Amino acid sequence: MTDVFSPQQPIPAELLGSLVDSTACLSDALRLRQSFAESGYVFLREVLDRAEVFSARIEVFERLAQVGEIQAPAAEGIATGASRRRELVGDLGAFWKSVSEGPLLRRVTHGWRLRELVSLVFDASARPHDYLFVRPAPVGNGTDLHYDYPFFAGRASQIVTCWVPLGEIPISDGPLVVVEGSHRLIGAIELMRLTGDPRTFAATRDAAYQSTARGARLLTAHFQPGDVIVFSGFTMHGSLDNHSPAGRVRLSVDVRYQPATDPADDTRYFGPNPVGPKGGAYGEQKAAQPLGTLWTAQW
Ligand SMILES: O=C(O)CCC(=O)C(=O)O
C-alpha cells in the first residue's frame, strides 16, 4: 500500500480523474453495454427519481436522529458527535436490519427503475439481492479499495453493484472511487477464486494498489441525488475519506444485482433473513455500530 490511500493523506491531483458519464448511451443499449465492458462501470446521471432518493435519505437519517446521532433537521445529515443507539435499541443488528429494510429506501434500491437500468446492462432481466449496505459515513471515514467478486457472486453467472448516493456527495464528503482499468486484472481475481486462499486475495489487492501507485487513476464525481453508478464485480473500488467541513455524514446505499434467471438460493443474500457475507446478518456491517465509533471501513 502506498500512503496515497492512507487516511488523511492527500491524493495527488494527477491520480484523481472523472468518471465517464454514460447517460447519453441510455438511448442505445448496445453502446451502454460497450461502455460497461470498456470501463468496468457505467455512471448514469439523474436516472432515478430525485424525490424518492430524498425520501430514502430522510427515512434513514430520521432513524439515526432518533438515536441521537443526527441533528435536526435530519435531512441535512449533520452528525451530533454523540450516540444513544446502544442504550435505546438493544439489538444493534436488528436495528440496522430495520433501517436497511425501510420501505422508502427499498423503493429506490428495489424499484422498477434501477431494475430496468441493470437489465439494460445485462441485456437480460435483473434481480437484486435482498441484502444491501446502507453507508452513513461520518467525517474521517473512507472505504478501502476492494473488489466485490467473488464475495457477492454466490452461484450467479454475473453480479454488478449499484451504488446510489442518497443526497448530494461532493468530493469533500468522500464519494465512491473506482480504480481506472482495474477490471482488466481479472486473471488475478480468478486465481483467488480457484485457490480460495485469502493470501492470494492479499496479493491481488497489493498488486492493484501497486498498479494504482504506478499511475492508474482513482475516478470519482461530485454525485447528485438521482445518479447511480453500476459497476462490475471485477472493478476495484472504495471511497475517499469524508472531510466535510460542515460535519455532514455521507449517505449512500449499495445493492448487488444478478440475472433474474440465475439461482437465488444463497442464504447470505436472499430471503427474509439473509445471513450476510460473514454470517452475522446486518449486525456484521460496520454501519450497525453507533455512528462515530471509529470504523475504518474495510468493505
Ligand atoms: O460507499 C462506500 O464507501 C463503499 C461502497 C462499496 O464498497 C460498494 O459499493 O461495494
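Analyst: In this predicted model, the largest nonpolar core has 68 residues, and those touching the most other members are Val60, Val118, Val121, Cys162, Val228, Ile229 and Val230. The largest share of this core, 6 residues, is supplied by strand S3, which covers residues 126-137.

Let's start with Val118. Setting aside neighbours within four places in sequence, Val118 is in contact with Ala126, Val160, Cys162, Val230 and Tyr257. Two of these partners, Cys162 and Val230, are also on the list of core residues that touch the most other members.

Val60 takes us to helix H2, where it is one of the buried residues, along with Val53, Ala56, Arg57, Glu59, Phe61, Arg63 and Leu64. Notice that Arg57, Glu59 and Arg63 are buried here too. The buried residues of H2 pack against helix H4 (92-100), helix H5 (103-109), strand S3 and strand S9 (250-259). The length of H2 can be checked as well: its 17 residues, 50-66, should span 24 Å at 1.5 Å a residue, and because the end C-alpha atoms are 24 Å apart, the two values agree.

After H2 comes Gly68, with a positive phi near 80 degrees. Ile70 then sits in the loop between H2 and helix H3 (85-89). Is Ile70 buried or exposed? It is buried, because 27 other C-beta atoms lie within 10 Å, and the cut-off for buried is 20 or more. Beyond its neighbours within four places in sequence, Ile70 is in contact with Phe61, Leu64 and Ala65, with Gly77, Ile78, Ala79 and Thr80, and with Val249. Phe61 and Leu64 are among the buried residues of H2. Ile70 and Ala82 are 12 residues apart along the chain, and their C-alpha atoms are separated by 8.5 Å.

S3 and S9 also lead us to the ligand. Both give two or more residues to the shell around it, as do strand S4 (160-165) and strand S8 (237-239). Of the 12 residues around the ligand, Arg135, Thr143, Trp163, Ser239 and Asp254 come nearest. By class, the shell holds 4 nonpolar, 5 polar and 3 charged residues.

Finally, here is the wider setting. The chain has 8 helices and 9 strands, and 41% of its 299 residues are buried. Among contacts with a separation of 6 or more, 79% join residues 24 or more positions apart.

How values were computed
Residues are numbered from 1 along each chain as its sequence is written. This is a predicted model: local features need pLDDT of at least 70, side-chain atom pairs count only at pLDDT 80 or more; totals for chains, interfaces and linings use all residues. Helices (H or I, at least four residues) and strands (E, at least two) are DSSP runs, numbered from the N terminus. The expected span of a helix is 1.5 Å times one less than its number of residues. A residue is buried if 20 or more other C-beta atoms lie within 10 Å of its own, exposed if 12 or fewer, and partly exposed in between; C-beta atoms are placed from the backbone. Two residues are in contact if their C-beta atoms, placed from the backbone, lie within 7 Å. A residue is near a molecule or strand if its C-beta atom, placed from the backbone, lies within 6 Å of it. Ala, Val, Leu, Ile, Met, Phe, Trp, Tyr, Cys and Pro count as nonpolar, Asp, Glu, Lys and Arg as charged, and the others, Gly among them, as polar. A nonpolar core is a set of buried Ala, Val, Leu, Ile, Met, Phe, Trp, Tyr and Cys residues joined through C-beta atoms within 7 Å.
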